[in-house]
Amino acid sequence: MPARYHLRFQLHPGPDTAEHAAELAAFCREAGIDEAVLLLGAEELYAGHPFGTAEDRLYDTAATAAKILGDAGLGISLNPWVTAGHADRGRTDRLGFAPVVGPDGTVAASQASFACPRWRAWIAAHYARYADLGFRVLWLEDDFRYHNHAPLPWGGGFEPLMLERFARLAGEEVTREQLVAAITAPGEPHPWRALLQRVWRTAQLEAAAEVAAAVAERSGGRTQLGLMSSEPGVHSVEGRDWRALFEALGIDRQVSHRPHFARYGDAPGRELSFSVWMLELQRALRPRHVRSEPEIENWPHTAWSKSDTQTWSELVAAQLAGSHAMFLNVHPMQSGRAQRFPRVADMLRRSRPALDWLAERQPGEPHTHGVGLAVHQGAAAQVRTTRGGDLAELAVDPGPAADFLLRYGVPVTAEDAPVRVLFGQLAWAFDDDELRRMLAGGLLLDGTAAHILTQRGFAELIGATVAELAGREEPSASGPYALEQVVRPSDEGRGAFLSVNVQPALARLLPATDAEVWTEILTPDRQTWGAGRYVFTNELGGRVGVLAATAVELLPFDDDGQRLVHAMVRYLEGETPTLPLVTGGPHLIPHLTRTDDGWSLAVANGSADPARPRVVLPGGWDSTVSTLLAPLAEPVAALATVDGPTLELGQDLPHRGWLVVDWH
């Protein structure tokens, strides 16, 4: 099956609706679009939750366009613009909805609370009204969430109706100020945090179920719902139960997902690592029967915002993830005229060869392999804060670990794996049995995670104690930390210096006598401050690697750092290493999958300079086929040579291009 394009496009209500819908149908035929996703009353054309004659105009526009697009042979879906509301932007509520309230008491002017019965009745009726027009999917926008409701500083969920629900569950009256202070207080999480997340989760699930029931009844089960989501870390703060939410939205178990996974504007090529791990993580969080249609958005939707090359590279990342369709937001939202942007059609036509090639060779969901990421949807319930008062501090996910490894050429997976990585506050999310299982395999830790495991009684299994997390601005008898010097494991890098000068804190590691220290932390005058990285084999037979750094995303990337990371991954793999590791240029980002008869490795060039990737596979290569996917071009055979365990590309891999290597 070829790749699928689903184009989101806004039509303006008015006398030209039929003409503009016909123009959209013609554009879709020319650009190879499979489905049109209508967007109505959005952004610049959004005046508030629609009702009365305004809602009638939207319905009439949808009905007219649906018939024209359907008659043209296109699939059709609909994306109503708001659920709770994206942002006030000068608008005020006109329907008597209970407003959403932020943790600081800010009250939204036009955005509704999930606990508001009037809003819940409105949204169920609003979606149900469209359900008899034959749409495949009615999409819930990404305002179906608690965070990111400007001008609220974090988001909502602290309105009186929600506090009443909380009081019933907690058995006592609690003020907003008391609740915010408790759930964000440093130290062991207050029980109220989990209770509030339960309140939020329940209110959201109730609203989702009401919308699904209304749409199912009106459409006779012919129309399904779809959900856009944002970053998993902030959804964890909300207490989101991904499986339960998709079950609530399901109509005869049919439901779709529109994951956010790429930046909305121009970004450095290394940001492809974000796309790779975001797609991988959300694949693990949603049930397997849920369709995935990742959102490709160029906001404000022109090549002036995001280059065609970047858009293409993100489309490839989405297709590698086994996505069912590409959800395209590539026209200016306010334009109303699809044919005014022929460059968009050209970009989509030129993108299709690579996407079709990938789709036809991988018809189903991929089975990824690599270093296993720590996936836990309830992590925010266990986070220990340091400042207090800030809900954003509760948002954690494996992104820093994934970016760190991917940009150094190490593949990752959200599936179980022999080697795992656990960085930061995520170490609080797993119970003792889960941690013990990780420690019985290969486990990579940063300084924060090592400190947490020491506190939890696992010092003997990680091969060190952590005396403290030493803050950058805190006085220390050993002086300020500045450098990391390589003392092992090989002659090639021994003596090299790396910088830890901008780390906000370092773990003061006290390795066991049988741990092998690979780097030392030095002061500016090169006095030893403590261990920087070490490896250790524990009594369970597990292998552990630890970095003193607590913010790996702030470590400067360089060749010495890559050598250390690759060596540590090889140590953690033990006697039978299997992972292909990539060098040959900065930010060569890998994506590794199992196939029916072997393996496939895709490598993206996240540098603006051309690169010639080298891939080391410990077991050697058998029957390799290499293909070059250059931006907006036809796939071509790549010039690659194999010398023992090393495969090397003999031609340049361009910026944001992908090399795909298949072997048995």
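Strand S27 (residues 614-616) and strand S31 (residues 646-649) pair in the antiparallel sense over three bridges. Here a pair needs at least two bridges found by DSSP. In this pair, valine 616 stands opposite threonine 646 of S31.

This is a predicted model: local features need pLDDT of at least 70, side-chain atom pairs count only at pLDDT 80 or more, and totals for chains, interfaces and linings use all residues. Residues are numbered from 1 along each chain as its sequence is written, and side-chain values use heavy atoms, without hydrogens and water.

**The sheet**

S27 and S31 belong to an open antiparallel sheet of four strands, in the order S24-S27-S31-S30. Strands are DSSP runs (E, at least two residues), and helices are too (H or I, at least four), numbered from the N terminus. Strands S24 and S30 each have a single partner, so one side of each has no neighbour in the sheet. The twist averages 20 degrees from one strand to the next. Helix H16 (residues 559-573) packs on the sheet and touches S24 and S27. Contact means heavy atoms within 4.5 Å. The direction of H16 makes about 165 degrees with that of S24. Axes are lines fitted to C-alpha atoms, for helices over the stretch in contact, and angles run from 0 to 180 degrees between N-to-C directions.

**The largest pocket**

| Class | Lining residues |
|---|---|
| Nonpolar (Ala, Val, Leu, Ile, Met, Phe, Trp, Tyr, Cys, Pro) | 22 residues |
| Polar (the others, Gly among them) | nine residues |
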